[in-house]
Amino acid sequence: MNVDLYHLADLKEFLRVKELQAKRSLGQNFLFHKRECERVIRAADIKKGDKILEIGPGLGHLTQLMEEAGAEVTACEIDKRLTSLWPEIHPDFKGRLIASDFLAFRPEEYENCSKVVANLPYYIVKEIIMKLLTCGVQWESMTFTLQKEEVSRLTRKRGEERYGALNALMLILGEPVCAGIVKSENFYPRPNVDSAILNISPLRYPKYSLWLKTAEIVKLSFAKRRKLMKSNLAELNIPTDAFSILGIKESARAEELEPKMFLDLARLLSK
Ligand code: SAM
């Protein structure tokens, strides 16, 4: 195919010829600028032989560069209008392209992957990250392009306003950091706000059964923000001395706890 999809005029012409309009409802803003795509790939530290899960590959701008870097990509894209074009735009693609909603995509299909890379659709960022964290795969790293404000939310620390379950879960496994801003003009259609790259690397998982128990405790603890953690955890029938053994105040709220304490609590309850 003789168009360069990293070139805005070619991309627009390609979409026009195919009578394709980006769907806002699916968060379709294609990161077309090659230099910016390369920044995302660098932030993800992609190496030859890496097995990557990509969510929402769109027209394959990131996918192509990851393949060129020697990675094996499993890509999950919900929009069949886009996946049906891949044989034409990526005739030499060696990875796997699956036309599916990622939220319905079975973990067995990507359990051999170790890194996640995605320019995520903004409307389901939290659901996707929560699924990735609890799907059974122990990821080495995650690298996402997200709206800048979303990256600020996901990098909140304990003590910051609206720090929540997803923040605590990520902080137990690693340290989410902002790896740079991607200006809105690098996307088509151009969104109203700039984006940023979020990177978590490395992720250090405890034994997986312990991790799943920890995730359950964290989600319940933050379920009703105004309630004491102890009340939120009532359904777990926690032994009365568990909090004092760990030095947690009876009046503690989830957001006050050092993230690793949830892991200690899960360990205690698993004994
Ligand atoms: N990766 C491409 C890029 O960087 O140009 C496209 C990114 S675009 C922000 C988000 C992509 O996620 C779109 O291609 C959209 O169709 C896809 N998407 C939206 N919801 C999805 C879902 N539930 N599962 C899989 N893909 C989804």
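**Reading helix packing and ring pairs**

User: Which residues in α2 meet His61, Leu62, Leu65 and Met66 in α3?

Analyst: Lys34, Cys37, Glu38, Val40 and Ile41 do, with contact meaning heavy atoms within 4.5 Å. Helices (H or I, at least four residues) and strands (E, at least two) are DSSP runs numbered from the N terminus. This is a predicted model, with residues numbered from 1 along each chain as its sequence is written. Local features need pLDDT of at least 70 and side-chain atom pairs 80 or more, while totals for chains, interfaces and linings use all residues; side-chain values use heavy atoms, without hydrogens and water.

User: How do I read the packing of α2 and α3?

Analyst: You describe two packed helices by the angle between their axes and the distance between the axes. Here α2 (residues 34–43) and α3 (residues 61–68) pack at about 60°, axes 10 Å apart. Axes are lines fitted to C-alpha atoms over the stretch in contact, and angles run from 0 to 180 degrees between N-to-C directions.

User: And what about the rings of Tyr110 and Trp139?

Analyst: A ring pair is described by the distance of the centres and the angle of the planes. Phe102 and Tyr110 are tilted, at 5.6 Å and 40°. Tyr110 and Trp139, at 6.1 Å and 15°, are stacked. Pairs need centres within 6.5 Å; under 30 degrees is stacked, over 60 edge-to-face, the rest tilted. Phe102, Phe105, Tyr110 and Trp139 form one aromatic cluster.

User: Is Tyr110 buried or exposed?

Analyst: Buried, at 0% relative accessible area; buried means under 20%, exposed over 50%, partly exposed in between (1.4 Å probe, protein chains only). Trp139 is buried too, at 1%.

Definitions and conventions: Rings of Phe, Tyr and Trp (its six-membered ring) pair if their centres lie within 6.5 Å; planes under 30 degrees apart count as stacked, over 60 as edge-to-face and the rest as tilted.
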